[in-house]
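This briefing concerns the structure shown below.

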Amino acid sequence: MSSPRFRNVRRIGPVQVASFLARGRNRHLAACTAPRCDFSAEYDSRSAAELAARTHRCKA
């Protein structure tokens with residue numbers, strides 16, 4: 001199984017939001033790039049991933 005090919009990558013603060021294809025469906029990922037922050041989550045909609053990115057507060 002190959003790794004997902006991310007597209008439409010956008011940075012919102014320290015969080016990167018990207019779209020990818022998984023099992024034939026579009027999925028959206030929000031992941032924090034700050035050191036020692038373990039936040040990442042998958043969403044069904046791009047708007048949900050972007051909302052998570054805008055409201056994320058790093059624990060680090």
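In this predicted model, the count of aromatic pairs comes to 1. The pair consists of F6 and F20, arranged edge-to-face. The points below set out its geometry and surroundings, then the sheet and the confidence of the chain.

**Aromatic pair**
- The ring centres of F6 and F20 lie 5.5 Å apart, and the angle between their planes is 70°.
- The arrangement is classed as edge-to-face because the planes of F6 and F20 are 70° apart, and the class requires over 60 degrees.
- The pair links distant parts of the chain, with F6 in the segment before strand 1 and F20 in strand 2, 14 residues apart.
- F20 has a relative accessibility of 5% and therefore counts as buried, the cut-off being under 20%.
- F6 is partly exposed, at a relative accessible area of 42%.

- An open sheet is formed by 4 strands in the order 1-2-3-4, with antiparallel pairing.
- Strand 1 and strand 4 (40-43) are the edge strands, each of which pairs on one side only.
- On average, neighbouring strands of this sheet are turned by 20° against each other, direction ignored.
- Strand 1 pairs with strand 2 (residues 15-22) in the antiparallel sense over 4 bridges.
- Opposite R7 stands S19, a residue of strand 2.

**Confidence**
- The chain has a mean pLDDT of 90, and 92% of its residues reach 70 or more.
- Confidence is highest in helix 1 (residues 46-55), at a mean of 96, and lowest in strand 1 (residues 7-12), at 92.

Technical notes: Residues are numbered from 1 along each chain as its sequence is written. This is a predicted model: local features need pLDDT of at least 70, side-chain atom pairs count only at pLDDT 80 or more; totals for chains, interfaces and linings use all residues. Side-chain values use heavy atoms; hydrogens and water are left out. pLDDT is the predictor's confidence in each residue, from 0 to 100. Helices (H or I, at least four residues) and strands (E, at least two) are DSSP runs, numbered from the N terminus. Two strands pair if DSSP finds at least two bridges between them. Axes are lines fitted to C-alpha atoms, for helices over the stretch in contact, and angles run from 0 to 180 degrees between N-to-C directions. Rings of Phe, Tyr and Trp (its six-membered ring) pair if their centres lie within 6.5 Å; planes under 30 degrees apart count as stacked, over 60 as edge-to-face and the rest as tilted. Buried means under 20% relative accessible area, exposed over 50%, partly exposed in between (1.4 Å probe, protein chains only).
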